[in-house]
Amino acid sequence: MKKQEFMVELDGVIGTIHTYTRNPFMMGYTRELKRAVKHDDLEKVRIILDKVITWYNEEIEKIKNDEFVFNKSMHEKAYYILRQYREALQH
């Protein structure tokens, strides 16, 4: 996934995360991720992506099984997009 495509998807990813949690760490990570991508700070982007992906690794099963989460498919898409962009940064 290229940076331009990730930037197109980023607001949706962040919005999806914010529908599920108001965790102050996640709020900060998502805010900083947007800033880091915009400023081409690849080291910071990698650090934040790792943190957000780790959070999703821990939460995705809870999200899938929570009867009150209405946008499960959007979470799966957001999680996928984050992992795809992180993988693209390894090349």
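Contact here means heavy atoms within 4.5 Å. The legends describe a predicted model, in which local features need pLDDT of at least 70, side-chain atom pairs count only at pLDDT 80 or more, and totals for chains, interfaces and linings use all residues. Residues are numbered from 1 along each chain as its sequence is written, and side-chain values use heavy atoms, with hydrogens and water left out.

Figure 1. His-75 belongs to helix H4 (residues 72–88); helices are DSSP runs (H or I, at least four residues) numbered from the N terminus. With a relative accessible area of 0%, His-75 is buried, where buried means under 20% relative accessible area, exposed over 50% and partly exposed in between (1.4 Å probe, protein chains only). Not counting residues up to four places away in sequence, His-75 touches Thr-16, Ile-17, Thr-19, Tyr-20, Tyr-56, Ile-60, Ile-63 and Val-69. Thr-16, in helix H1 (residues 3–20), is likewise buried, at a relative accessible area of 8%. Neighbours within four places in sequence aside, the contacts of Thr-16 are Tyr-56, Asn-71, Met-74, His-75 and Ala-78.

Figure 2. The structure holds one cavity of 30 Å³ or more. On a 1 Å grid over the protein atoms alone, a cavity is a set of points where a 1.4 Å probe fits but cannot get out, and lining residues have an atom within 4 Å of a point. The volume of the largest cavity is about 30 Å³, a volume being the space filled by probe spheres set on the points, which are joined across faces, edges and corners. Its lining consists of Lys-3, Ala-36, Val-37, Asp-40, Asp-41, Leu-42, Val-45 and Tyr-85.

Figure 3. Five aromatic pairs are present in the structure. The ring centres of Phe-25 and Tyr-29 are 6.3 Å apart and the planes lie at 45°, so this pair is tilted; rings of Phe, Tyr and Trp (its six-membered ring) pair if their centres lie within 6.5 Å, with planes under 30 degrees apart stacked, over 60 edge-to-face and the rest tilted. Both residues lie in helix H2, four residues apart, about one turn of the helix. Phe-25 is exposed, with a relative accessible area of 58%, whereas Tyr-29 is partly exposed, at 22%.

**Figure 4. Aromatic cluster.** Tyr-20, Trp-55, Tyr-56 and Tyr-79 are linked into a cluster by ring pairs.

How values were computed. Helices (H or I, at least four residues) and strands (E, at least two) are DSSP runs, numbered from the N terminus. On a 1 Å grid over the protein atoms alone, a cavity is a set of points where a 1.4 Å probe fits but cannot get out, and a pocket is an open set with protein on both sides within 12 Å along at least five of seven lines; lining residues have an atom within 4 Å of a point.
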